[in-house]
Amino acid sequence: MASTPAGNRRTRVHVVSDVHGNVRDLARAGEGADALICLGDLVLFLDYADHSRGIFPDLFGVENADRIVALRTARRFEEAREFGRSLWAGIGTDRAAVIEKAVRKQYAELFAAFPTPTYATYGNVDMPPLWPEYAGPGTTVLDGERVEIGGWTFGFVGGGLRTPMRTPYEISDEEYAAKIEAVGEVDVLCTHIPPEVPELVYDTVARRFERGSRALLDAIRRTRPRYALFGHVHQPLVRRMRIGATECVNVGHFAGSGRPWALEW
C-alpha cells in the first residue's frame, strides 16, 4: 500500500466486492493504492460458477450443490429450502454452530489479508456480529456512516434487502432507507447492493433479477454523488451506467476476476 495521501498529490483507492473466499487475490488487492475499500460478501457459502467451492459442498458434496443451484436458478425456492432442510437433518447437529465455525475459519483468513488502511461494509451473506473479532486496527467497518479519504467523502451502507434466499444479513426496506438517509450527501456512495435499475440488478448467469434498492436510486438522483459503487450482482447485464450526474459502477465479482476496481482523483 502507498502511504497516506498528503498535500496535493493524487489519491488512488482500490475497490472490491463479493470476495467470496478469494484470499489469495485479496492479499494483493491494495497494491499501489492509498486505501482498499471492500463492499462485502467475504464469505463463500456456494460458488454458482464452481459448485465444488464453499461451505455447502464441503458439508454436503458437489452433487447436492448441483441440485440446490438448479432449484434456485429455476426460482423453485421452497423446494430448495425443503431440500436443504433434509440435508441438514442428515447431519444431526446444530446448523447455526456448524455454519458459524466454517464462517469463522474463512473470516480469520480473509481479515488477515486486508491491507492497511481498509474501509469495509457488510454484504448480504456476511455475519456482522463476528466482524469485531476479526477486524484489525487497520480495518474500519462502516454501515450507515461516512469517512473522508483524500479529501473526498465516502458513505457506506451494507447488507441486502429481504429475499426468498434468506441470506444472513438481509434487512427491511425501511431499515435500509434509514441508513441511506444517515449517510446523506457524499462524493462516493458505497453499498453492497445496486440501485433498483433493471440493467444493474439482472444476473445473466443466475438468470434472475436480484434485489436492488429504490431508496438508493432515489438518493443517487437527489444527492448526485460523483460515483455510486456496489457489487452483489456477479454477472450483471450492465456493469456501468450514468444516473444523472452519477457514474454507477458494479465493482464485483472479485472472487472471479481477482482484480480490484481503481478510482483516482
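Is Thr-191 buried or exposed? Thr-191 is buried in this predicted model, with a relative accessible area of 1%.

1. **Thr-191 and its surroundings.** Thr-191 belongs to strand S9, which covers residues 188–191. At 1% relative accessible area, Thr-191 falls under the 20% cut-off and therefore counts as buried. Its side chain has a polar atom 2.7 Å from the backbone oxygen of Ile-193. If you set aside neighbours within four places in sequence, the residues in contact with Thr-191 are Leu-39, Val-157, Tyr-176, Ile-180, Leu-216, Leu-229, Phe-230 and Gly-231.

2. **The six-stranded sheet.** S9 is one of six strands in an open sheet with mixed pairing, ordered S5-S6-S9-S12-S14-S13. The edges are taken by strand S5 (145–149) and strand S13 (240–243); each has a single partner strand, so one side of each has no neighbour in the sheet. From one strand to the next, the twist averages 20 degrees.

3. **Partners of S9.** S6 and S9 pair in the parallel sense over four bridges, and Val-157 has Thr-191 as its bridge partner in S9. Within S12, Tyr-227 is the bridge partner of Val-188, and Ala-228 is the bridge partner of Leu-189.

4. **Which way the side chains point.** In a regular strand, side chains alternate between the two faces of the sheet. In S9, Val-188 and Cys-190 point one way, while Leu-189 and Thr-191 point the other way, and all are buried. S12 is likewise covered on both faces: Tyr-227 and Leu-229 lie on one side, Ala-228 and Phe-230 on the other, and all are buried.

5. **Further along the sheet.** S12 also pairs with strand S14 (residues 246–250), in the parallel sense and over four bridges. There, Leu-229 stands opposite Val-249 in S14.

6. **A helix across the strands.** Helix H7 (residues 173–183) lies across S5, strand S6 (152–157) and S9. H7 runs at about 170 degrees to S6.

7. **The five-stranded sheet.** There is also an open sheet of five strands, in the order S4-S3-S2-S1-S15 and with mixed pairing. Strand S4 (139–141) and strand S15 (261–264) are at its edges, each with a single partner strand, so one side of each is without a neighbour in the sheet. Ignoring direction, neighbouring strands here are turned by 20 degrees against each other on average. Strand S3 (residues 118–120) and S4 run parallel and are joined by three bridges; Ala-120 stands opposite Val-141 in S4.

8. **A helix pair.** Helix H3 (residues 62–73) packs against helix H4 (residues 77–91) at an angle of about 155 degrees, and their axes are 8 Å apart. That angle is over 145 degrees, so H3 is roughly antiparallel to H4. The crossing of the two, H3 and H4, is left-handed. On the H3 side, Asn-64, Arg-67, Ile-68, Leu-71 and Arg-72 take part; they meet Phe-77, Glu-79, Ala-80, Phe-83, Gly-84 and Leu-87 in H4.

9. **Two cis peptide bonds.** Most residues other than glycine have a negative phi, and most peptide bonds are trans. The peptide bond from Thr-116 to Pro-117 is cis, with omega near 0 degrees, and Pro-117 sits in the loop between helix H5 (95–113) and S3. Gly-252 and His-253 are also joined by a cis peptide bond, with omega about 20 degrees. His-253 is in the loop between S14 and helix H10 (254–257).

10. **Two positive phi values.** His-20 is not a glycine, but its phi is positive, near 45 degrees. His-20 lies in the loop between strand S1 (12–16) and helix H1 (23–26) and is buried, with a relative accessible area of 8%. Asp-41 has a positive phi of about 60 degrees, although it is not a glycine either. Asp-41 is found in the loop between strand S2 (35–38) and helix H2 (55–60), and counts as buried at 3% relative accessibility.

Conventions
Residues numbered from 1 in each chain as written. Predicted model: local features only at pLDDT ≥ 70, side-chain atom pairs only at ≥ 80, totals over all residues. Heavy atoms only, no water. Buried < 20%, exposed > 50% of the residue type's maximum accessible area, 1.4 Å probe, protein only. Polar contact = N/O pair within 3.5 Å; in protein donor to acceptor, adjacent residues only side chain to side chain. Contact = heavy atoms within 4.5 Å. Pairing = 2+ DSSP bridges. Axes fitted to C-alpha atoms, helices over the stretch in contact; angles between N-to-C directions. Parallel < 35°, antiparallel > 145°, perpendicular 65-115°, else oblique. Left-handed = near helix turned anticlockwise from the far one by under 90°.
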